[in-house]
Number of protein chains: 4
Amino acid sequence: MSLFADLLSNVFDNRYRFGLARQDGRKTEDLTAALVGATGEVTGQAVARQIIDRYAGWDDDEKLGFFRHLATDLDLDPAAVRAALDAYAAHSDKASYRAFAAAAEPPRQELVRRLNQVPGATRQLVRMRADLLRLGRGDDALMALDLDFRHLFASWFNRGFLVLRPISWESPAHILEKIIAYEAVHAIHSWDDLRRRLQPEDRRCFAFFHPAMPDEPLIFVEVALTKGVPGSVQGLLAEARDILSAEQANTAVFYSISNCQAGLAGISFGNSLIKQVAADLSSALPGLKTFVTLSPIPGFARWLDAQPVTVDTSDDLKLRQLAAYYLTRAKRPNGLPDDPVARFHLGNGAQVHALHAQADTAPNGLKQSHGVMVNYLYDLSRVSQNHEKFAAAGEIATASEVRSLASAAETALKEITS
Amino acid sequence: MSLFADLLSNVFDNRYRFGLARQDGRKTEDLTAALVGATGEVTGQAVARQIIDRYAGWDDDEKLGFFRHLATDLDLDPAAVRAALDAYAAHSDKASYRAFAAAAEPPRQELVRRLNQVPGATRQLVRMRADLLRLGRGDDALMALDLDFRHLFASWFNRGFLVLRPISWESPAHILEKIIAYEAVHAIHSWDDLRRRLQPEDRRCFAFFHPAMPDEPLIFVEVALTKGVPGSVQGLLAEARDILSAEQANTAVFYSISNCQAGLAGISFGNSLIKQVAADLSSALPGLKTFVTLSPIPGFARWLDAQPVTVDTSDDLKLRQLAAYYLTRAKRPNGLPDDPVARFHLGNGAQVHALHAQADTAPNGLKQSHGVMVNYLYDLSRVSQNHEKFAAAGEIATASEVRSLASAAETALKEITS
Amino acid sequence: MSLFADLLSNVFDNRYRFGLARQDGRKTEDLTAALVGATGEVTGQAVARQIIDRYAGWDDDEKLGFFRHLATDLDLDPAAVRAALDAYAAHSDKASYRAFAAAAEPPRQELVRRLNQVPGATRQLVRMRADLLRLGRGDDALMALDLDFRHLFASWFNRGFLVLRPISWESPAHILEKIIAYEAVHAIHSWDDLRRRLQPEDRRCFAFFHPAMPDEPLIFVEVALTKGVPGSVQGLLAEARDILSAEQANTAVFYSISNCQAGLAGISFGNSLIKQVAADLSSALPGLKTFVTLSPIPGFARWLDAQPVTVDTSDDLKLRQLAAYYLTRAKRPNGLPDDPVARFHLGNGAQVHALHAQADTAPNGLKQSHGVMVNYLYDLSRVSQNHEKFAAAGEIATASEVRSLASAAETALKEITS
Amino acid sequence: MSLFADLLSNVFDNRYRFGLARQDGRKTEDLTAALVGATGEVTGQAVARQIIDRYAGWDDDEKLGFFRHLATDLDLDPAAVRAALDAYAAHSDKASYRAFAAAAEPPRQELVRRLNQVPGATRQLVRMRADLLRLGRGDDALMALDLDFRHLFASWFNRGFLVLRPISWESPAHILEKIIAYEAVHAIHSWDDLRRRLQPEDRRCFAFFHPAMPDEPLIFVEVALTKGVPGSVQGLLAEARDILSAEQANTAVFYSISNCQAGLAGISFGNSLIKQVAADLSSALPGLKTFVTLSPIPGFARWLDAQPVTVDTSDDLKLRQLAAYYLTRAKRPNGLPDDPVARFHLGNGAQVHALHAQADTAPNGLKQSHGVMVNYLYDLSRVSQNHEKFAAAGEIATASEVRSLASAAETALKEITS
């Protein structure tokens with residue numbers, strides 16, 4: 001990893017070599033106008049650095065003012081678009097196409113691209129969007145502005161530009177402290193706890209990075225190598241467990257996947273990450289035959305509360321039946337599964353493989369799903385087919401045992417409600 | 001292996017690890033439709049790899065067929081744009097903005113972005129555009145398609161994503177052979193010739209790279225460290241010259257700048273490269289006070305032939321006067337300098353600093369400019385100002401000596417033509 | 001740093017690629033005989049790996065048995081040496097010289113060299129010597145064996161083979177945990193404490209590594225950049241202190257130097273480390289003008305107890321006077337300073353620069369020196385000269401203020417004892 | 001810059017950062033005395049640098065003078081050895097052992113170790129020994145001095161300190177030019193020729209490096225991946241040959257092994273190199289089942305000339321028979337094979353596998369062996385056993401077909417000579 005940082009460090013050095021940009025006293029509105037209008041990079045980069053540096057010093061109100069300026073003053077001009085469209089419809093030549101393309105894109109998109117000319121600016125822009133999402137929630141104009149950020153970021157953080165790096169106990173501390181900070185599923189309590197997740201032979205971790213932000217993981221997945229499919233996350237993470245040699249393992253368990261960048265919300269990396277890691281592990285350790293998750297069911301308890309049943313939460317079988325039913329039958333109005341984690345993995349082409357009671361006995365696990373967890377199975381030879389059926393017909397790939405559990409729950413629920 | 005290649009080699013390994021994609025027999029048109037329509041990355045990446053692999057095997061006719069398909073079938077739909085625009089004008093909300101943005105971008109743009117999800121695809125797409133420029137010249141529909149490529153590439157090859165790397169005799173051979181191949185100004189005749197341009201203490205070379213194409217320089221500049229401003233490129237490159245210690249040099253001469261990627265035509269890196277290199281050298285070697293080019297004047301002889309004068313090409317002073325006049329006075333209809341190299345450097349904010357006769361006595365130098373060459377001066381404290389005046393008013397920064405030369409030529413030309 | 005581990009990781013991979021050596025059932029004494037006698041590397045390496053692997057599994061008794069075997073069975077043969085010496089004295093030719101050199105070196109030296117042919121063995125041999133020093137203390141035969149280890153290690157860990165690497169918050173965690181473990185002067189209490197010593201701009205750390213043990217620092221020094229010479233280590237390390245920009249600092253303070261490898265006892269790296277770090281910092285930050293330590297005086301309190309005086313330890317001036325006297329006047333029978341830290345720095349050519357009371361108020365600091373600390377000054381232009389005078393005549397370079405303090409103490413001590 | 005050079009570049013930077021050492025005007029003899037006597041590194045390193053720098057500027061006469069000084073003035077003192085030996089025989093304690101060890105080693109050994117304290121000195125010392133071997137040939141005193149160099153180098157260039165690195169077309173040019181220069185078996189004629197040996201998928205090259213000389217390969221081997229065992233080196237290296245995919249190959253052919261450092265003569269790396277490369281290739285490409293050389297027989301023609309036979313050198317079978325006989329039966333007085341390449345490979349535990357006529361039709365191949373070449377087979381499961389038999393009893397592992405060829409020649413030779 002520090003190879004990585006090392007390589008591109010010159011990008012960031014540049015920024016600090018020059019220190020902060022000299023501020024020339026113009027209003028920010030004048031700077032954005034100058035930057036969008038700049039004919040070349042010559043003065044553009046200096047203006048861009050002024051804006052980037054100013055932004056870094058602003059409070060929320062000032063940031064909101066800046067966003068409103070972008071949303072309003074650098075918005076699309078429908079009349080200009082209409083005129084360019086008419087010209088293009090009439091001529092269909094290169095010049096009219098170019099003119100239309102220019103008119104159909106709000107100037108704020110070009111502004112963001114030009115801000116990104118400053119070495120090191122990419123991470124600042126990602127933070128800027130995190131601010132925008134936080135401050136602009138519910139505001140239609142700001143959410144339209146966010147669409148422009150998202151459109152650019154989807155292009156910049158294209159899968160083809162991302163780099164997969166293993167994260168290990170030999171990774172740089174400043175990366176590792178971010179792993180601790182960003183772990184969103186099963187909190188890492190200390191450096192010793194982190195070491196237990198990285199150093200043993202039967203533990204792995206992988207992250208996607210973008211070359212322009214080499215110090216910032218975008219998303220990471222924690223993997224346990226096991227014999228057989230595990231049914232308890234506390235068992236998996238127990239301090240006193242026996243460590244397996246990597247060669248003896250037959251199963252890779254993705255037990256935690258965490259997004260790291262609020263500013264990249266809506267740009268999906270998880271599917272690529274899981275498949276890439278599965279392919280890499282499979283090639284490095286041919287003994288690995290099964291790739292599964294050990295996943296929470298965050299929507300289960302809430303859904304269950306809304307059902308007209310009273311459940312004995314100490315009845316493990318009943319809980320597994322209801323969870324199987326919930327995952328495979330409970331849908332949102334748009335036909336997708338109610339549970340968000342299920343939506344993610346099933347959308348990736350995974351199968352609902354097995355359910356476990358008393359699998360997450362941490363307070364949050366008990367609260368959100370009465371301790372029930374699920375394995376989603378990634379069978380690389382079937383994910384495409386599963387995905388197609390799910391995408392086209394909402395069909396959920398389900399192991400037969402899980403189907404039986406769901407059917408039993410269905411019967412019980414029907415009896416109750418009838 | 002260089003740090004650089006090493007770092008990102010996994011990107012390309014992935015591609016080769018899987019070998020060529022399995023082709024599923026669908027028509028290419030069906031594949032592009034499937035890719036643009038794909039709801040997720042799951043099947044998208046497999047489809048994208050099929051298209052990339054097919055393209056690599058095509059001849060020019062097949063490639064042209066593919067480009068026509070993109071230009072026609074995946075073109076903008078003006079009626080849809082109009083409808084979306086009306087809806088947006090009416091509602092101005094996030095949903096209508098999103099719908100407009102989708103309609104206003106031709107599907108082929110999203111196609112190219114999705115092709116780029118394949119690890120290693122970026123370089124293939126750059127080659128694709130090189131093919132497009134070669135095969136589509138003069139065809140309005142294909143040139144409109146090219147605008148979409150260019151729009152995406154300008155975003156992907158944004159200055160903020162580029163990495164400046166020194167090129168030295170310690171660089172990997174597979175990079176160096178590209179330097180030999182791409183040198184466009186003063187040909188490198190052999191590996192020994194290359195070594196003479198890289199290894200001595202008073203020679204430097206720098207290139208921009210993109211992390212997704214770590215083996216491919218995008219543009220490079222060759223630099224000579226000298227005492228004083230040189231007036232002959234043959235002198236500068238003489239095999240038997242004395243080598244200066246870097247600490248003794250007071251001048252850095254950019255004597256050759258070469259673009260490497262035909263597929264990145266129109267995406268400008270040169271200005272950034274020169275300024276970054278000047279800043280880096282200035283910081284590493286504080287003794288360097290002057291940053292100049294030693295540049296060809298490719299349009300001079302042709303322009304001179306068109307003048308109503310007969311020039312004694314053995315009259316060095318006369319040649320310098322006329323070249324000074326040509327560079328500072330001869331304009332294209334749009335008001336920009338006639339000479340393309342002058343347009344580049346003056347647009348960057350450089351100054352016409354000095355003219356030298358018998359400065360390039362190679363056949364091509366004699367043919368294109370009767371051996372005259374020019375130094376453009378990059379005074380980092382003045383480039384912004386120079387650029388502004390040039391961009392706003394077409395004003396050309398000129399050293400007083402050069403102004404005098406031009407004036408002498410003006411007088412002579414007037415006499416002749418009057 | 002991970003560059004470093006990365007580079008040479010193949011050395012260690014080899015070891016693990018093959019797993020443990022197949023043990024062939026021979027007695028260890030037979031293996032050592034075979035290894036010393038082996039004519040080539042062919043079978044030697046396999047035998048060496050067996051010995052290395054066996055050793056790793058032994059308890060202290062078995063290790064001691066092994067050491068006794070080396071000390072006894074692979075000892076010098078004085079009769080053979082005498083015969084070879086006679087032959088050499090008689091012939092003085094190449095063959096007799098070779099024979100003498102072979103006879104004059106005990107076979108156990110060649111054994112250790114051949115053990116080192118196993119990739120990764122160096123660190124095992126360093127641990128082996130640590131065991132030997134621990135288990136063999138006071139045993140003449142084992143201490144003679146240790147001289148052979150030490151002779152080889154002095155050659156292998158020659159300054160020319162060591163690599164200086166900065167240690168930072170971007171260093172790999174598995175290196176950093178060793179820094180925490182090995183810090184011998186001012187304990188590092190947690191990863192947060194470590195971060196405070198590495199991450200701020202005004203803190204630096206450097207270590208020597210050997211290429212054959214890239215994961216193991218040999219010695220490291222912690223540096224604080226300050227304005228002026230500090231007089232309190234608690235002040236220096238305070239959590240709430242203001243952080244200085246590196247450019248504003250004029251002084252580099254070496255406040256902690258720790259050896260890491262018990263098995264390299266007696267192989268001195270500290271002098272080279274300090275001078276190399278001083279030279280590197282001086283070149284990177286030209287504003288640094290003063291290089292000093294902030295050092296403990298571990299022998300002071302014990303010495304003071306033995307003096308016929310009663311000291312009011314709340315009298316700061318008195319304490320400083322006595323400490324100055326102790327450092328510059330109290331000698332061991334061999335004429336060297338009584339204080340071990342003083343012996344180290346004065347032997348390096350440093351000067352006793354200043355004394356501070358209440359400078360280390362931690363329990364250990366109060367106990368060993370009543371809280372007094374000392375700055376040793378490394379004036380690179382004077383260290384050679386200081387060193388020569390110290391080595392030749394025991395003369396201690398002393399700042400005039402310190403001399404005055406010592407004189408005052410001398411007077412007081414004389415009064416008391418007369 | 002390669003990882004390797006990059007990593008350790010700081011070692012060499014140090015040297016150049018300080019420039020040449022300040023010379024203090026003392027005689028070299030005084031400097032060596034001072035260095036050997038120096039009590040610490042403080043002044044030692046400065047003295048060492050003076051000597052290193054002086055040496056670099058000397059002509060052969062001055063170098064010879066220096067060597068004579070080392071051989072004479074810093075030689076062993078037999079009387080002192082004898083006294084120390086007596087003391088040790090009498091006391092057998094640590095102090096007397098230490099004193100003996102010091103006396104039994106000539107001071108020039110310690111001198112060379114101290115010269116090596118200068119960063120970057122190792123390569124200078126290797127060059128120094130190359131000079132010594134060249135200038136001191138036949139001089140007993142200088143050859144005794146060489147034994148001291150060799151003793152130290154054997155310890156420093158221990159297998160455990162060497163690093164195996166692949167050499168490819170992506171390696172740094174300054175390393176590759178050394179491959180061109182050092183290839184001793186089948187000359188590399190140009191960079192294009194080199195590329196043909198490195199870039200195709202079915203060609204590999206590996207070298208050993210020492211961390212203190214990262215720019216200098218110590219020994220390298222060129223490998224061709226083939227289907228079946230090849231019988232012609234011109235066929236193997238043909239420009240127009242078909243390139244095999246690495247996965248299709250079943251045989252790895254070591255067709256050239258070159259030592260690079262004259263100053264490391266007598267320190268054997270070849271055996272380790274071949275076995276390490278065979279193990280690495282075998283693990284990376286499981287399809288490789290056979291590891292052979294395609295080797296010259298440099299002693300064959302000369303030996304044949306000395307036989308009382310006249311051979312029709314156009315009779316391929318006859319030549320193969322005689323070569324088989326030569327390799328397996330012709331011995332030197334010490335019982336080892338007459339052919340030096342045979343000695344090397346058979347000593348490593350290889351088997352004489354097959355003989356090919358018209359296998360090297362280059363002028364040198366025809367001259368030294370009438371075009372005959374031999375494959376030595378490295379069967380990793382048998383090399384130890386082969387080596388033991390060869391070392392113990394001079395028994396040569398021979399394929400049955402080769403045995404038959406040799407027998408046929410034996411019969412023919414007997415008939416002729418009887």
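This is a predicted model: local features need pLDDT of at least 70, side-chain atom pairs count only at pLDDT 80 or more; totals for chains, interfaces and linings use all residues.

Me: What makes A:Trp156 a lining residue?

Reply: The rule asks for an atom within 4 Å of a cavity point. A:Trp156 is listed in the lining, so A:Trp156 has such an atom.

Me: How do the residues of that lining divide into nonpolar, polar and charged?

Reply: Eight are nonpolar, two are polar and none is charged.

Me: Which residues surround the second largest cavity?

Reply: From chain C come C:Trp156, C:Phe161, C:His210, C:Pro211 and C:Ala212, and from chain D come D:Phe161, D:His210, D:Pro211 and D:Ala212. This cavity has a volume of about 60 Å³, and its lining divides into seven nonpolar, two polar and no charged residues.

Me: Why is the pair C:Arg82 and D:Asp86 called a salt bridge?

Reply: The cut-off is 4 Å between a side-chain nitrogen of Lys or Arg and a carboxyl oxygen of Asp or Glu. The closest N and O atoms of C:Arg82 and D:Asp86 are 2.6 Å apart, so the pair meets the rule. Across the interface of chain D and chain C, the rule finds two salt bridges. Helix α1 (residues 3-18) of chain D gives the most to the side of chain D that touches chain C, with 10 residues.

Me: How do you know that A:Lys178 and A:Glu216 also qualify as a salt bridge?

Reply: Their closest N and O atoms are 3.6 Å apart, which is within 4 Å, so this pair passes too. The pair links distant parts of the chain: A:Lys178 is in helix α10 (residues 173-182) of chain A, and A:Glu216 is in the loop between β2 (203-209) and β3 (219-226), 38 residues apart. Over all chains, the count comes to 100 salt bridges.

Me: What is the area buried between chain D and chain C?

Reply: About 6100 Å², with carbon and sulfur atoms giving 58% of that area. In terms of contacts, 73 residues of chain D meet 74 residues of chain C.

Notes. Residues are numbered from 1 along each chain as its sequence is written. Chains are lettered from A and ligands numbered from 1 in the order in which they are written. Side-chain values use heavy atoms; hydrogens and water are left out. Contact means heavy atoms within 4.5 Å. Buried area is the accessible area (1.4 Å probe) that two parts lose on being put together, summed over both. Helices (H or I, at least four residues) and strands (E, at least two) are DSSP runs, numbered from the N terminus. On a 1 Å grid over the protein atoms alone, a cavity is a set of points where a 1.4 Å probe fits but cannot get out, and a pocket is an open set with protein on both sides within 12 Å along at least five of seven lines; lining residues have an atom within 4 Å of a point. Ala, Val, Leu, Ile, Met, Phe, Trp, Tyr, Cys and Pro count as nonpolar, Asp, Glu, Lys and Arg as charged, and the others, Gly among them, as polar. Grid points are joined across faces, edges and corners, and a volume is the space filled by probe spheres set on the points.
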